[in-house]
Amino acid sequence: MEEALTSLMKTRMRRGVIIDGLFYHGTRIFAWAVLTVMVAILVSLFMGAAPAIGKFGFGFLVSPAWNPVTKDFGAFVSIYGTLVTSVIAMVIGVPVSFGIALFITELSPRWLKRPIGIAIELLAAIPSIIYGMWGLFVFAPFFGDHMEPWISGFLGPVPLVGVLFSGPPLGIGLLTAGIVLAIMVIPFMSSVMRDMFEAVPPLLKESAYGMGATTWEVVRHAVLPYTRTGVVGSIMLGLGRALGETMAVTFVIGNANRVHASLFMPGNTISSSLANQFTEAVGEMYTSSLIALGLILFLITFVVLAVAKLMLRRLSDTRGSRS
Amino acid sequence: MEALRDMGLYRHRRAINFLILCASVLTTLFGLLWLVWLLWTLLSRGFQYLNLSVLLEATPPPGGSGGLGNAIVGSLVLTVAGVLIGAPAGMLAGTYLSEFARQSKIAAVVRFINDILLSAPSIILGVFVYEVIVVRMGHFSGWAGSMALALIVLPIVVWTTEDMLRLVSNSLREAAAALGAPRWKVTVAIVFRGARNGILTGILLAVARISGETAPLLFTALNNQFWSRSLNEPIANLPVVIFQFAMSPYDDWQHLAWAGALLITLTILLLNILVRVFLKAPKSRF
């Protein structure tokens, strides 16, 4: 009897050890799969872009050409459009996100915090293509009819800056794309900033209030210094999103392969070029140049997001929430 | 004199504080304005075209009558396939990070890469799948589309699973182990059960995220005018149909696009609200 029991226990234990091993290695394989996906994306983009890189070299980055007929391609216009629209999105989005985070953490009555937080997060959940349709059919006509003439009347005569805001008010173009991008990244940035602000120890804030500081002074001199890296990290995160955003921009950017001084004029971003042309591209060089654009976008966003991640992580390390 | 100057300084500080707090309220209203405007646009433009034939009939040729039925079914198929491929893989990877390798270097690297994948431009995933699957197979297909979606699901589920498993207290694990349960049984029967709602939340959020994704489907699943049954050929899906119809010059196509846009947005918002009300939403991260 006893012998049977011990042998039963032994087989059970042995089975447990075997399944444990399988389970451990099974989960480990999939953890490695995450890394493999990243490496595979990089390798496949490099391989796809190789013909274009081989033909154009580093000149690809600065050449404004984009001619499928003569097979002469360059990334400059798309890179310019990507950077300009993202910068516009940041100029509008950062102060607004900061204001929203400030409102939720310092001003809002307790019962209003959650509804506003959820509403802002819902804004992030709406798919990009919806922003695009709304941008093209509702926002762009409104913006072209009512805002752009006013902006160019106001800022147009200003030296240096004026040239950015002159030209025909078309509605669609770099500025509109930048504004739509701003709306799309505000939820990401403001919710990360809110989490940062909420993690500031109450003691720190209370001591500042105790010294007679106003709410703004508390934020400026206690909350912001404490969360500086996190705030920069959240901005980089928003920037990473803005750089790669595709469908919304594709609708409102105007799809024109030219660099204009004016922000009112249509342009192209890397992602909108891909969305518009990839399925129609004929010939190896055309496809390869588009993939090279994709590679450039991936490398830029990789660096931006890596910086964002490092800054956000350092913060959470000092807070000890990683353990 | 001194006191007067102090009063002036005090008033100055109060004024600045007041201005900035006003600006903060205004930015919040500014942020919420877009949500209202977007929803209003969708309701006013899409609601009138929502009817049964939109749900049941296939996409029409220009000028013909029809609906979005095949696209809706296609989207469901792609989403389910994407989640079925991506979610188990993500859960296993998340389990490894939380249960077996919490402090190790490799786990730190995987977390880092996973967070970058989480925010990587989805159109790049489309290009990647195009190169790896579409070019190899020689044609666009539903499989390629669902692979692209699975690559979006993967990092979301890895992150939420790890976060949620970490919340399960160690004493539960130790209690189970003390009863003689092997490691896998501790994980599956105790830890997973404790974190069930959290993991489910992650998967539902991933569903919400991919059901509106357009960019990665453009070069993978493509589109199909008919009721497509097989994942082995191009398959109709709501986002790409909306894109195509919205950009078309035909009125009835545009009407269908608005109806589809309303449908997608309502579904996604509903999923998000349900998750937030009934389950535990994960901390915001990338």
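**Exercise 1.** How many salt bridges are there between chain B and chain A?

*Solution.* Keep in mind that this is a predicted model. Start with the cut-off: a side-chain nitrogen of Lys or Arg has to sit within 4 Å of a carboxyl oxygen of Asp or Glu. With that rule, the count between the two chains comes to three. One of them joins the side chains of Arg276(B) and Glu121(A), at 2.9 Å from N to O. Next, look at polar contacts across the interface of chain B and chain A: twelve residue pairs turn up, both partners at pLDDT 80 or more.

**Exercise 2.** Work out what chain B brings to its interface with chain A.

*Solution.* Begin with the elements: helix α1 of chain B (residues 2-46) gives the most to the side touching chain A, namely 20 residues. Then sort that side by class, and you get 57 nonpolar, 16 polar and ten charged residues. For the contact tally, 83 residues of chain B meet 85 of chain A. Finally, take the area: the two chains bury about 7,800 Å² between them, with 80% of it on carbon and sulfur atoms.

**Exercise 3.** Describe the second largest pocket and who lines it.

*Solution.* First the volume, which is about 420 Å³. Of its 14 lining residues, the closest to the centre are Arg12(A), Met13(A), Gly16(A), Gly180(B) and Pro182(B). Now the elements: α1 (2-56) of chain A and α8 (183-194) of chain B each supply at least two lining residues, and α1(A) gives the most, with eight. By class, the lining splits into eight nonpolar, two polar and four charged residues.

Methods: Residues are numbered from 1 along each chain as its sequence is written. Chains are lettered from A and ligands numbered from 1 in the order in which they are written. This is a predicted model: local features need pLDDT of at least 70, side-chain atom pairs count only at pLDDT 80 or more; totals for chains, interfaces and linings use all residues. Side-chain values use heavy atoms; hydrogens and water are left out. On a 1 Å grid over the protein atoms alone, a cavity is a set of points where a 1.4 Å probe fits but cannot get out, and a pocket is an open set with protein on both sides within 12 Å along at least five of seven lines; lining residues have an atom within 4 Å of a point. Grid points are joined across faces, edges and corners, and a volume is the space filled by probe spheres set on the points. Helices (H or I, at least four residues) and strands (E, at least two) are DSSP runs, numbered from the N terminus. Ala, Val, Leu, Ile, Met, Phe, Trp, Tyr, Cys and Pro count as nonpolar, Asp, Glu, Lys and Arg as charged, and the others, Gly among them, as polar. Contact means heavy atoms within 4.5 Å. Buried area is the accessible area (1.4 Å probe) that two parts lose on being put together, summed over both. A polar contact is a pair of N or O atoms within 3.5 Å; within protein, one must be able to donate a hydrogen and the other to accept it, and residues adjacent in sequence count only if both atoms are side-chain atoms.
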